[in-house]
Amino acid sequence: MNNGINLKDVDLKNGLTDEQVQKQLETGNKNIPPKSLTRSNKQIFSDNIFTLFNMINVLLAALVIFTGSYKNLVFIVIAIVNTSIGIFQEIRSKRQVDKMALLSQTNVKVIRNGVKQTVQPEDVVLGDLIVLDRGDQVSVDGKVITTKGIGVDESQITGESNIISKHNDDEITSGSFLVSGEAVILATKVGKEAFVNYLTNEARMTESKNSVLINLLKKIIKTLTIIIIPVGIILFISRLLHGLNINESILGTVAAMTGMIPEGLVLLTSVTLAVSAYTLAKKRVLVRELSSIETLARVDTICLDKTGTITTGNLKFEKTLPQSKQYDNNQINEIIGDLSHIVDDKNETATALKNQFSSKNPFKSDLIVPFSSAKKWSGAQIKQGQFVLGAPQFILKMNESQKNIVQENAEKGNRVLALVKVNDLSEDGFSNPELISFILISDEIRENAADTLAYFTNLGARIRIISGDDPMTVSNIGMQVGIEDADKYIDMSSLKDPIDYQALTRNYVIFGRVTPTQKQNLMKAYQQDDHTVAMTGDGVNDLLALKQADCGIAMASGSESVKSIADVVLIDSNFASMIDVLKEGRRVINNIDSISSLYLIKTMYSIMLAVIFVFVAKNYPFQPIQLTPINAFMVGMPTFLLALQPSYEIIKNRFVKNIYAISIPASLTVVVYILGIGILGHFLQLSNHEISSLNVLMTGAISWISLINASAPITRFKMGLIVFSAGAFVSVFTIFNNFFSLASLIDLRLGLIAIILLASVVFVYKIIQKFILGTKEVIDSK
């Protein structure tokens, strides 16, 4: 970097001046913006235009131009339109997603000119004083200037989840995040020199989730890439060797090769996912990765962190239950007020106590232990002595009477905290805890929580709550919102290693007193039992579980570290938005699973015919332009409309099943009819023009039957679409036949042959379909 101001010149109390900030910006001593979730416009254009299939289409178009048969160039026009649609939809989606990403971004708090202010992460400069609170992610390398003690998790960098304590003058690394306490740090390395940027984004981001559908499509495309060019070349050479002229050979080869390319399937998948991301962004849901939409579609288990999802996160102090005769109510209230304000944690519990109790004895404490999810307590030296506040089970050994008090109030849905006086307080623990009082805190349940959870259950998703709170409290809230078997709960703090997590996930619905590592292990257990798991959360205690889950969903109101690794961010932090997310995912994948088989029909029969006609001294059964009506009216247009239809049932992975039930039978039926028409045409002395017209008619009819099968269950809209497709296809033969190089079916002899062939097609299709499915069953049984 260029030389800017010297870090020794930074005022460690008031921060940089406006003049110093400007000098740092001018010399390039500034941070870099977060990596965009979406591709640039240039990348979108490039990736959509310069594809292998498009390059093949351009080459084939050049060959058609050579023949002078310009109307056979319609396929390249359709390819251009398809590419344009893909670019338009992705750019539209990009703009909306980028807006949501901006809304979800948490600004950085800095001290400049002695005043605390917020700036965007990329506007942080070298020498800035940055204010960090619990849950904040560190965006630059720095040195701790002022703190009462912080706990830092560097797991996103090192892979180790141990909490590291930091104090004044300690170094802190970008990419880490605070799990407890607060601090002011001096930015010592920014931009490309910061550790997290040096290691690239991979060091702090979770690995991309696997996409079943996208991976399958990639395999299909890879296989076709190997097949198309060699088969095309062999077919062209064979045409010439069989005595066909070069123009006929080119047009036949072009028809075969364009038929093999399932460009519509690739386009349909990418456009549908982009449209879904756009739709969700309009509903204020940020999808960080398009494959997450598919993952969400496959979710069968939804794990919730109670706070911020089922409950609003707004906690309310109810009352104290004094347990020591040495302290009256006023003294207890003073201790709670002093302790909560001196520790000054930023979590919901601490906020509720600070709102209820003021600090009456200002005290500069040198001994403060901030709250962390692992310890479940916080503490400090205050004027009255050393005190700790936390979960009773974690900070003292209770007698039966005390256990009964905790259980009785937890069963009513209250959070129960214990205030204890201790000795030898340190970050590692304390000694001689003396119970002073229990404190009751109540949760506020979200108004629409019960309806939202009922909706998920009706969609076939199982609901589980994994919380750091008392399991009885969580169970009570679970029962209030109608979670099935919410009485099946377990206190994870009562278990000793080694823990059989799979046994727990099979037998319990509510998990309480869960540590961050235990949350992660519960996710693994569900996955080991072949469940697809979504995890929602908003705090740093949810981080490991969100990374482990198949799909991590964060609230925008949550910590920056959680949002940075989540697959989906709910901008309004509204749990009810999850309904839209799950529905959108299922709609996309169910529809693509159903209709993708239609695209593969053309690919399969084109490959089979190309191989067959290598050995047959006859014209290829189609010209390029004759495939256009089939592609447009039986596949392209209906599939794009069907892809947008509601389909919210559980994912059944019908992609491969439909290949056997629809694609293979249909493509074999097409081949049978084309070979049969060729033989029939020889005996009836039909012209090549009439034979190719019958080929197009029967291929369209078989594709139409397949469209009906793929559209099940039939709705009024789908029926209208099916009827329209048939009508449009018929019009090609009756009105536009000359343009598409087709014979008119009004001719008596040709019309009679067409009627006889059409009357037999359903029967032949069913026979072949039954044979294919029967063969598959035999193979599967072995």
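Modeller: Axes are lines fitted to C-alpha atoms, for helices over the stretch in contact. The model discussed here is predicted.

Colleague: What crossing angle do the axes of helix 8 and helix 21 make?

Modeller: The axes of helix 8 (residues 246–260) and helix 21 (residues 577–614) cross at roughly 145° and come within 7 Å. Helix 8 passes helix 21 in a left-handed crossing.

Colleague: Which residues make the contact of helix 8 and helix 21?

Modeller: Helix 8 contributes A256, T258, G259 and M260, and helix 21 contributes K602, T603, S606, I607 and A610. These residues divide into four nonpolar, four polar and one charged.

Colleague: Why is helix 22 called roughly parallel to helix 24?

Modeller: The axes of helix 22 (residues 627–642) and helix 24 (residues 688–710) cross at roughly 15°. Angles under 35 degrees count as roughly parallel, so helix 22 is roughly parallel to helix 24. The crossing is right-handed. Its contact involves I630, M634, P638 and L642 of helix 22, with V696, T699, G700, S703, W704 and L707 of helix 24. Seven of the contact residues are nonpolar, three are polar and none is charged.

Colleague: What makes strand 19 and strand 20 a pair?

Modeller: Two strands pair if at least two bridges are found between them. Three bridges join strand 19 to strand 20 (residues 510–512), so the two strands meet that criterion. They run parallel, and Y489 has I510 in strand 20 as its bridge partner.

Colleague: What makes strand 19 an edge strand?

Modeller: Strand 19 (489–491) pairs on one side only, as does strand 10 (285–287). The open sheet has eight strands, in the order 10-23-22-21-11-18-20-19, with mixed pairing.

How values were computed: Residues are numbered from 1 along each chain as its sequence is written. This is a predicted model: local features need pLDDT of at least 70, side-chain atom pairs count only at pLDDT 80 or more; totals for chains, interfaces and linings use all residues. Side-chain values use heavy atoms; hydrogens and water are left out. Axes are lines fitted to C-alpha atoms, for helices over the stretch in contact, and angles run from 0 to 180 degrees between N-to-C directions. Helices (H or I, at least four residues) and strands (E, at least two) are DSSP runs, numbered from the N terminus. A crossing is left-handed if the near helix is turned anticlockwise from the far one by less than a right angle, and right-handed if clockwise. Contact means heavy atoms within 4.5 Å. Ala, Val, Leu, Ile, Met, Phe, Trp, Tyr, Cys and Pro count as nonpolar, Asp, Glu, Lys and Arg as charged, and the others, Gly among them, as polar. Angles under 35 degrees count as roughly parallel, over 145 as roughly antiparallel, 65 to 115 as roughly perpendicular and the rest as oblique.
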